[in-house]
Amino acid sequence: MNDPVADLLQRCAAGDRSALRELYRATSAKLMGVLLRILGERSEAEDALQEVYTRVWLRAHRFDEARGRGMTWLISVARNHAIDRLRQRPDTAPDSYDDTLHAAVASAEGRIVARSEVARLNHCLDTLEPARATALRGAYLEGLSYSELSERHAIPLNTLRSWLRRGLSRLRECMDQ
């Protein structure tokens with residue numbers, strides 16, 4: 001199987017620093033997106049991204065190509081690190097999407113608009129099949145990986161991707177109305 005990320009991870013495990021630079025160039029945008037989605041703050045996500053690549057450098061020897069693709073392993077490392085950072089936050093931090101959205105909006109008018117948008121989003125999610133809406137919430141609001149969602153719903157990974165793609169399309173149509 002052709003997996004350039006796996007090749008770079010194996011080179012990192014062998015101590016090849018140029019492989020780490022190539023790996024960063026090839027994967028940092030995707031991992032930044034994962035971290036930003038979970039952590040919600042750009043500066044914290046940037047710090048976490050650097051820590052993720054430090055972990056990757058130190059733990060590249062743990063990657064097993066037989067267990068999955070290299071990018072999947074990297075996303076798992078990033079996701080787990082983001083979750084660790086969330087757990088270290090004080091308890092006063094918001095713990096749900098609604099709370100996060102509401103905490104970010106300072107003005108009364110902003111809060112009213114935000115509540116309206118959350119209500120619209122929840123309404124649109126309710127128009128989807130329940131399992132697909134749950135998958136969308138898991139992927140985009142809870143930060144679960146595709147493989148975790150695939151296991152949760154007991155469906156093949158490609159079916160999950162179809163669910164998410166079609167669900168997002170229907171969600172977009174509903175939100176545009």
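Is cysteine 12 buried or exposed, and what is its relative accessible area? Cysteine 12 is buried, with a relative accessible area of 2%; buried means under 20% and exposed over 50%, with partly exposed in between (1.4 Å probe, protein chains only). The model is predicted, so local features need pLDDT of at least 70 and side-chain atom pairs pLDDT 80 or more, while totals for chains, interfaces and linings use all residues. Residues are numbered from 1 along each chain as its sequence is written, and side-chain values use heavy atoms, without hydrogens and water.

**View 1. Helix H4 and its cover.** Helix H4 holds 19 residues, 70–88, and should span 27 Å at 1.5 Å a residue; its end C-alpha atoms are 27 Å apart, which agrees. The expected span is 1.5 Å times one less than the number of residues. Helices are DSSP runs (H or I, at least four residues), numbered from the N terminus. Among the buried residues of H4 are Trp73, Leu74, Ile75 and Arg85. Their cover includes helices H1 (4–13), H2 (17–39), H3 (42–59) and H8 (146–153).

**View 2. The disulfide.** The structure holds one disulfide, a pair of cysteine sulfur atoms within 2.5 Å. Cysteine 124 is joined to cysteine 174, S to S 2.1 Å. Cysteine 124 lies in H6 (residues 108–126) and cysteine 174 in H9 (residues 157–176), so the pair ties together parts 50 residues apart in sequence. Both cysteine 124 and cysteine 174 are buried.

**View 3. Contact of H7 with H9.** Residues Ala135 and Leu136 are among those of H7 that meet H9, where Leu164 and Gly167 are among the partners; contact means heavy atoms within 4.5 Å.

Conventions. Helix = DSSP H or I, 4+ residues; strand = E, 2+ residues; numbered from the N terminus.
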